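I opened this notebook to record what I looked up about helix packing, the sheet and the salt bridges.

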Amino acid sequence: MRERNRAAEPDWHNAPVPAFGSLEARLLILGLAPGLRGANRTGRPFTGDYAGDLLYASLKRNGFARGEFERRRDDSLELIDCRVTNAVRCVPPENKPVPAEIKTCNGFLATEMAAMPRLKAVLALGGIAHDALLAATGERRSAHRFGHGAVHRLSGGLVLADSYHCSRLNTNTGRLTEAMFDAVVANLKMEIDRA
């Protein structure tokens, strides 16, 4: 897939997309995978497509970001006490990760979380991200069911919060509104500040 993308768009990133934000952050935002024309193009999670518009605006409103988000990697956006990554590091075929990709990338997620000494909470954007986080932490899926707005307390004290993914599809269908997403982020901010 990457080779085909490189041939079609040689000026794009077309490689595993690194996380954005400090390893010292207390909050980790976990998305699904880089979008073909978003992070796969720009090389920064949630940058270059609609999902980033909603995500980064909410992070700014809730004190997790500053600067201007302009759908490009070299904008002035900075994250505050927050890091953004994906469960799958490369753009998947047809934008739909398969279980083998998720499993392969899960080791990277576990390693990244282990390198975050102040990590208190994870916001999982969608069910696949939720399940990937549980796998990376060794938690049982049956004990922590995904649900928009759900908050789970994992062993070791980590808080897992769930939201529907901030995709154009979810917002166009009304499954997720800006207010719904903001409420999840604001609630998580209070959880982190209490911890």
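In which hand does α4 pass α5, left-handed or right-handed? I find a right-handed crossing, the near helix being turned clockwise from the far one by less than a right angle. This is a predicted model, in which local features need pLDDT of at least 70, side-chain atom pairs count only at pLDDT 80 or more, and totals for chains, interfaces and linings use all residues. Residues are numbered from 1 along each chain as its sequence is written, and side-chain values use heavy atoms, with hydrogens and water left out.

I then looked up the sheet, and noted an open one of 6 strands (DSSP runs of E, at least two residues), in the order β1-β5-β2-β6-β8-β7 with mixed pairing, where a pair needs at least two DSSP bridges. β1 (20–21) and β7 (151–153) stand at the edges with a single partner strand each, so one side of each has no neighbour in the sheet. Strand β2 (residues 27–31) runs parallel to β6 (residues 121–125), joined to β6 by 4 bridges, and Leu27 stands opposite Ala121.

Last, I searched for salt bridges (a side-chain nitrogen of Lys or Arg within 4 Å of a carboxyl oxygen of Asp or Glu), and the structure holds 17. In one of them Arg26 pairs with Asp193, the closest N and O atoms being 3.5 Å apart, and this pair links the loop between β1 and β2 to helix α7, 167 residues apart.
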